[in-house]
Amino acid sequence: MELQQGVYRIQGIDPHALVKEFGSPLYVYDADKIVSQLRTLKTAFAASDVRIKYAAKALTNLSILKLLRKSGSDIDVVSIQEAQLALRAGFEPAQIMYTPSGVDFNELIACVDLGLTVNIDNLSTLAKFGKKYRDTYPCSIRLNPHIMAGGNLKISTGHSNSKFGISVHQLPEILETVSAHNIRINGLHIHTGSDITESDVFLKMADILFGLAKNFPHLKFMDFGSGFKVAYKEGDVVTNVNDLGQKLTKAFNEFCEGYGRKLELHFEPGKFIVSESGHLLVRTNVVKKTPTVTFVGVDSGLNHLIRPMMYDAYHTIINVSNPGGEKKQYTVVGYICETDTLGADRMISEVREGDLLALKNAGAYGFSMASNYNSRFRPAEVLIINGQAKLIRERETFEDLLRHQVEIDI
Ligand SMILES: *Cc1c(COP(=O)(O)O)cnc(C)c1O
């Protein structure tokens, strides 16, 4: 969203017009931003045979998945349902990486039947997999490198107490299992968490994988997961993907020479691709002055955007209806009967009841984590593409709240 001649617009469209047509609250995504973020990554790592596997869980709307497929992305899924959405969006099974955590073995079998690339994250499953498939179906393994990285503990997945991945210290057990069943390991994978800003962390992970690779002669790819950080507010430190691209592709290409074969370099970004494309538009219901704080109460809350409460995430909030207004301090809160602060002590252009606010960075883990808490409807989603606003999900209705309820006689 940009200020153009004093008015906020997304690809030239006034957010007020969107809310007038599709109602409030409303998730709005800018297709151009999604495509340009994908291009940025592909360009940064172009010196290697790079594949971007968009992490579907960030935003699973079919139209977004289609847009990414058409723009040259592959996809990473964490459940068979996400895989089915990806197939529905037109991805080929070979483009889909399935990276589950602690799922029923039957789901893994179903994903093999679909022809997905299967990524295994524990020794017990690896043994079961080997017993069933031996060398007939390759798999990759998710390793835990024991690196503390990422913005905070909840989004760090590669430290020693994390549930994710097989510890690199268990390499002997991995190798024993692999050779006992003659398993073909086609990929090594590490995902250490979100919001990593240091190129050095990625390079350290890379070194660990390069060191292990000689034990696995059938590799086709290495997957460095994600963790690319985007800006949530002005002046935020972000991952310098061009710097990382230069350093990592150089190291990766040198490694491939030693390994004897060119491998594919995989990443699975979610946030980097879709975060900044999304805005949650909300309407101001009440402005409530207390002796100490001025609250702005909006027609949304943690049911639609849980990140501020769950991760202490910072989402910049702008007053779309009064861009030139005098900046005042507000605490923006939701309408849920629970503390649901969307932004505390923010300087925002003067807010009046009825004003439209926009929460930025709402593309990733916004709608995909939304719920019906307080029996509220989940919002509609709109994609702005080629200068046009397209409805890509309808707002829920009362029927949706009743859909799976079984009403018995009491
Ligand atoms: C969630 C997840 C990602 C995406 O993380 P972002 O921080 O959104 O980029 C990538 N890979 C795996 C395995 C994940 O679980």
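**Backbone, pockets and annotated sites**

Author: Q5 lies in the loop between β1 and β2; helices (H or I, at least four residues) and strands (E, at least two) are DSSP runs, numbered from the N terminus. This is a predicted model, in which local features need pLDDT of at least 70 and side-chain atom pairs count only at pLDDT 80 or more, while totals for chains, interfaces and linings use all residues. Residues are numbered from 1 along each chain as its sequence is written, and side-chain values use heavy atoms, with hydrogens and water left out.

Reader: What phi does Q5 have, and is Q5 buried or exposed?

Author: Buried means under 20% relative accessible area, exposed over 50%, and partly exposed in between, with a 1.4 Å probe and protein chains only. Q5 has a positive phi of about 50 degrees although it is not a glycine, and with a relative accessible area of 82% Q5 is exposed. N374, also not a glycine, has a positive phi of about 70 degrees. N374 sits in the loop between β18 (356–359) and β19 (380–385) and counts as partly exposed at 30% relative accessibility.

Reader: Which residues does a cis peptide bond join?

Author: The bond joins S24 and P25, with omega about -5 degrees. P25 is placed in the loop between α1 (15–22) and β3 (26–30).

Reader: How many disulfides does the structure hold?

Author: A disulfide is a pair of cysteine sulfur atoms within 2.5 Å. The structure holds 0 disulfides. For C111, the closest cysteine sulfur is that of C139, at 13 Å, which is too far for a bond. C111 is buried, its relative accessible area being 0%.

Reader: How much space lies in the second largest pocket, and which residues are closest to its centre?

Author: On a 1 Å grid over the protein atoms alone, a cavity is a set of points where a 1.4 Å probe fits but cannot get out, and a pocket is an open set with protein on both sides within 12 Å along at least five of seven lines; lining residues have an atom within 4 Å of a point. Grid points are joined across faces, edges and corners, and a volume is the space filled by probe spheres set on the points. The second largest pocket has about 750 Å³ of space. Of its 30 lining residues, M1, E234, T316, I318 and K360 are the closest to the centre. Among the elements that give two or more residues to this lining are α2 (31–44) and β15 (317–319), while β17 gives the most, with 4 residues.

Reader: How many cavities of 30 Å³ or more does the structure hold?

Author: The structure holds 1 such cavity, and the largest cavity has about 50 Å³ of space. Its lining includes P100, N119 and D121.
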